[in-house]
Amino acid sequence: MDTSVHIATVAALRERIRCLEGGARHRRAVLPFGIKAIDERLPEGGLALGALHEVAGAGTGAVDGAASAFFTAGIAARTRGEVLWCVTRQDLFAPAITQAGLLPERVIYLEAGDEPSVLACFEEGLRHRGLGAVVAEVARLSMTASRRLQLAAEGSGAIGIAIRRWRRQTEAVDFGQPTAAVTRWRVSALPSTPLPAPGVGRARWQLELIRCRAGESADFEVEACDAKGRLALPSNLVHRSGPKEIGQRRAAG
């Protein structure tokens, strides 16, 4: 057998094995935040497309819950194609997510009666190649369900975002359980950016990257999404001489 043919055959087999083991994920497309301090913490320089991600508010209150939905809307707004948003009840304030750049004509709202139905629609939506993003609001997410969602996202290339919402404090315990999500984020509201005149400035968040596959945890103080879905660093952090506090995980975390 010719040596060059043999080498080519072995290389093809190795590539096939890498694909089966997930090695091809290193060439996966990403959606950068456009903020170096955040993107450099993500192994591929941005949020992986064709993958499942988790977002939650820091507590069970409405303010942090709204912040997590607004953060998710900003991500979805920067994708291409329509967005499927799955809920169990009609309590999503659509005009608010429009302010994050997610226009009404791009969103398909799906109201399911219970969480198993939401998860089923979530998975089915992720299998559809015509969607840019699929969002679902769920309290519980098992490892088995998350694996199915991750595989569905890998097959279509759409980004899947599970917003973890709890109506009771006891349900929040489930957020500590492992899942197949590539990243896990937690958002908490901070005092808004001060203005030189009376009024309400741009909202600020404490954004925590709790888990990142092949990466490290970190946290960031950011200004909330603008009308194009983009975050920003507060001016006092942009001009800070030392970078120690940006992107570093608090010891207490």
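Good morning. By class, 16 nonpolar, six polar and seven charged residues make up the lining of the largest pocket. Here Ala, Val, Leu, Ile, Met, Phe, Trp, Tyr, Cys and Pro count as nonpolar, Asp, Glu, Lys and Arg as charged, and the others, Gly among them, as polar.

The model is predicted: local features need pLDDT of at least 70 and side-chain atom pairs count only at pLDDT 80 or more, while totals for chains, interfaces and linings use all residues. Residues are numbered from 1 along each chain as its sequence is written, and side-chain values use heavy atoms, with hydrogens and water left out.

The volume of the largest pocket is about 590 Å³. Of its 29 lining residues, Ala62, Gly65, Ala66, Ala67 and Ala69 are the closest to the centre. Helix H3 (62–77) and helix H4 (94–98) are the elements that give two or more residues to this lining, and H3 gives the most, with seven. A pocket is an open set of points on a 1 Å grid over the protein atoms alone, where a 1.4 Å probe fits, with protein on both sides within 12 Å along at least five of seven lines; lining residues have an atom within 4 Å of a point. The volume is the space filled by probe spheres set on the points, which are joined across faces, edges and corners. Helices (H or I, at least four residues) and strands (E, at least two) are DSSP runs, numbered from the N terminus.

I turn to the aromatic rings. There are five aromatic pairs in the structure, with ring centres within 6.5 Å; planes under 30 degrees apart are stacked, over 60 edge-to-face and the rest tilted. The centres of phenylalanine 70 and tryptophan 205 lie 6.0 Å apart with planes at 85°, so this pair is edge-to-face. It links distant parts of the chain, 135 residues apart: phenylalanine 70 is in H3 and tryptophan 205 in strand S9 (residues 204–212). Both residues are buried, meaning under 20% relative accessible area with a 1.4 Å probe, protein chains only. Ring pairs join Phe33, Phe70, Phe71, Trp185 and Trp205 in a cluster.

Finally, is strand S6 enclosed or open? Eight of the eight residues of S6 (residues 131–138) are buried, so the strand is largely enclosed by the rest of the structure. S6 runs parallel to strand S4 (residues 82–87), joined by five bridges; pairing requires that DSSP finds at least two. Valine 83 stands opposite alanine 133 in S6. S6 also pairs with strand S7 (residues 159–164) in the parallel sense, over six bridges, and valine 135 faces isoleucine 161 in S7.

Definitions and conventions: Buried means under 20% relative accessible area, exposed over 50%, partly exposed in between (1.4 Å probe, protein chains only).
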